[in-house]
Amino acid sequence: TPGATRATGADGSALGDNRFAGLVKREAPQPAEAFVRRVAATVRKFVGAGPLSEDVTLLTLGRLAGGS
């Protein structure tokens, strides 16, 4: 999601692909609802009081228990 990786912090730096990938990897074990809530909160915290520079959409996919 380019919007999330381009989120700009108070110091002017972008969240970036590497930090976002690390965030996703860290939160991946969470159930979908918790994953979205935690990733969104982390992006918001990174941005701080400023506005998001782009729209951010998070989409999660999962496999149902017993699925192949």
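What follows is a short chat about reading salt bridges in this predicted model.

Visitor: What makes a pair of side chains a salt bridge here?

Guide: Look for a side-chain nitrogen of Lys or Arg within 4 Å of a carboxyl oxygen of Asp or Glu. Go through this predicted model with that rule and you get 3 salt bridges.

Visitor: Which residue does R38 form a salt bridge with?

Guide: That's E27, and the closest N and O atoms are 2.9 Å apart. This pair ties together distant parts of the chain: E27 belongs to helix α2 (residues 16–27), R38 to helix α3 (residues 32–47), and the two are 11 residues apart.

Visitor: And which residues are linked with R38 in a network?

Guide: R26 and E27 join R38 in a network of salt bridges. For the R26 and E27 pair, the closest N and O atoms come out 3.3 Å apart.

Visitor: Where do E33 and R37 lie?

Guide: Both sit in helix α3, 4 residues apart, which is about one turn of the helix.

Visitor: Is E33 buried or exposed?

Guide: Exposed, because its relative accessibility is 61%.

Definitions and conventions:
Residues numbered from 1 in each chain as written. Predicted model: local features only at pLDDT ≥ 70, side-chain atom pairs only at ≥ 80, totals over all residues. Heavy atoms only, no water. Buried < 20%, exposed > 50% of the residue type's maximum accessible area, 1.4 Å probe, protein only.
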